[in-house]
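Hello,

I am handing over the structure below. My notes on it follow.

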Amino acid sequence: MSSQVRLRLLPRARCMFDEPVQVKVAGLRARQVVTMRARCTDDKGLVFSSSATYKADGSGEIDLERDPSLSGSYVGVEPMGLLWSMRADSLHKRFQIKNSLNPHVVKLSVHREEEEEEEGEGRMLAEATNERLLIGDGVSRLPIKEGNIRGVLFTPTGRGPFPAVLDLYILGGGLSEKRASLLASRGFVVLTVVAYGYDDMPKKIKGVHLDYFEEAIQLLKKQDKVGSKGVGVLSFSKTGDVALSIASYLPGVEATVCINGCCSNTVLPLYHKKSQILPPLMLDISKMVPTESGAFMGKNVMHNSLAEENKATLVPIEQAKGRFLFVASEDDLNWDSKAYMDRMVERLQHHGKDNFESVSYPGAGHYLEPPYGPYCPSSFHAFGGTTVLWGGEPRSHAAAEVHLWRKIQEFFRTHLSCDATQTKARL
């Protein structure tokens with residue numbers, strides 16, 4: 001490494017996963033062209049990496065907030081491009097970091113332009129490590145195994161009161177803590193749960209039971225630091241329709257975020273109090289379209305939710321007492337999220353309701369997550385049983401994640417009213 005070249009991460013090299021950093025290089029020759037690289041490893045040991053070519057200014061400095069990438073994993077001025085453009089060494093792999101106690105460690109480096117070297121990667125001139133935390137200082141993490149509920153409870157530091165959120169990141173098959181721990185670090189009491197395939201739960205699921213989520217809401221509401229009268233529900237994909245049903249059939253739900261969900265109950269029958277309340281909208285696997293990459297495109301595999309024979313699967317969201325935030329990615333290739341969102345809006349308007357807001361993102365794909373993680377164009381689909389395309393253009397998708405993450409927090413803060421006297425009564 002060159003002792004003269006310095007790579008700095010501002011304001012500090014250690015930050016939260018959802019925080020941007022300013023990447024600056026100094027000590028280069030005037031207008032020197034270099035390659036910048038980023039590299040990380042996920043919980044499964046998969047290596048993700050990116051690279052971009054930059055040209056220093058007359059003072060031998062590069063600032064990613066000011067200077068454009070000339071070529072590489074992305075082009076143009078993208079301050080966090082090195083992070084969101086990272087890809088796995090092999091195709092169809094999704095970046096996974098499920099345990100909130102494991103920081104996301106990114107190695108950043110500056111290399112002499114490859115053309116200056118005879119072969120291989122240019123000589124490293126400087127390096128720095130960005131440690132991106134999934135759980136903030138003082139946030140408590142409590143594994144939950146109470147009654148039927150299995151999950152993890154995250155509670156912010158401080159006396160509170162705090163608004164409460166039930167996080168339905170995935171329906172089952174494992175537990176992911178990332179979104180819940182990050183939200184708790186922003187001042188919410190968050191319980192993330194799954195319905196199967198975790199701990200001592202059944203490995204497979206034959207139906208979704210609202211009783212389970214009703215129990216989870218009660219557990220969440222009785223936590224000492226919870227000040228909101230009701231809870232928020234944060235969902236994604238299949239859990240989107242579960243969240244719609246929770247808001248429509250169960251009491252105490254004040255705010256629901258449905259990210260790229262369907263307007264119908266999908267794939268599995270829905271039960272409450274041992275009775276089926278909604279049949280499932282099914283899919284036709286034969287409509288999966290193969291692509292040259294080896295992944296399938298499944299945007300049109302679901303049956304038509306508005307067909308007469310499928311109208312019974314539609315979730316009666318007009319029954320909900322709380323507020324909705326509907327989110328749709330316009331380049332979602334998993335299913336037609338934008339059409340589903342439009343149907344939800346039309347249904348509420350038809351019933352004279354205005355308890356909703358909606359946002360759609362052109363160029364974004366299905367997997368909208370907390371920002372600055374590696375973008376995922378394709379990976380294995382548990383319900384589909386094959387590798388699928390998720391859609392999205394990387395730059396637009398990354399920008400959508402930044403905007404949405406702020407939007408979610410604003411929505412919950414606005415609609416989950418906290419009552420300090422209610423908290424004191426429980427203490």
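Helices (H or I, at least four residues) and strands (E, at least two) are DSSP runs, numbered from the N terminus. This is a predicted model: local features need pLDDT of at least 70, side-chain atom pairs count only at pLDDT 80 or more, and totals for chains, interfaces and linings use all residues. Residues are numbered from 1 along each chain as its sequence is written, and side-chain values use heavy atoms, with hydrogens and water left out.

Cis peptide bonds

With the elements defined, P161 sits in the loop between β12 (149–155) and β13 (162–168). Another cis peptide bond joins L10 and P11, where omega is about 5°. P11 belongs to the loop between β1 (6–10) and β2 (14–16).

Positive phi

S237 is not a glycine, yet has a positive phi of about 60°. S237 is placed in the loop between β16 (226–236) and α4 (238–249). S237 counts as buried (under 20% relative accessible area; exposed is over 50%, partly exposed in between; 1.4 Å probe, protein chains only), at 13% relative accessibility. Y372, also a residue other than glycine, has a positive phi near 80°. Y372 lies in the loop between β23 (356–361) and β24 (378–381) and is buried at 10% relative accessibility.

Cysteines

A disulfide is taken as a pair of cysteine sulfur atoms within 2.5 Å. By this rule there are 0 disulfides. For C40, the nearest cysteine sulfur is that of C376, 13 Å away; C40 is buried, with a relative accessible area of 3%.

Aromatic pairs

Rings of Phe, Tyr and Trp (its six-membered ring) pair if their centres lie within 6.5 Å; planes under 30 degrees apart are stacked, over 60 edge-to-face, and the rest tilted. The count is 11 aromatic pairs. One of them is Y74 with W84, tilted, at 5.8 Å centre to centre and 45° between the planes. Y74 is in the loop between β7 (71–72) and α1 (81–84), and W84 is in helix α1, 10 residues apart. Both residues, Y74 and W84, are buried.

Y169 and F236 form a stacked pair, 6.4 Å centre to centre with 20° between the planes. This pair links Y169, in the loop between β13 and α2 (178–184), to F236 in strand β16, 67 residues apart. Y169 and F236 are buried. Ring pairs join Y169, F236, Y367 and W390 into a cluster.

Regards
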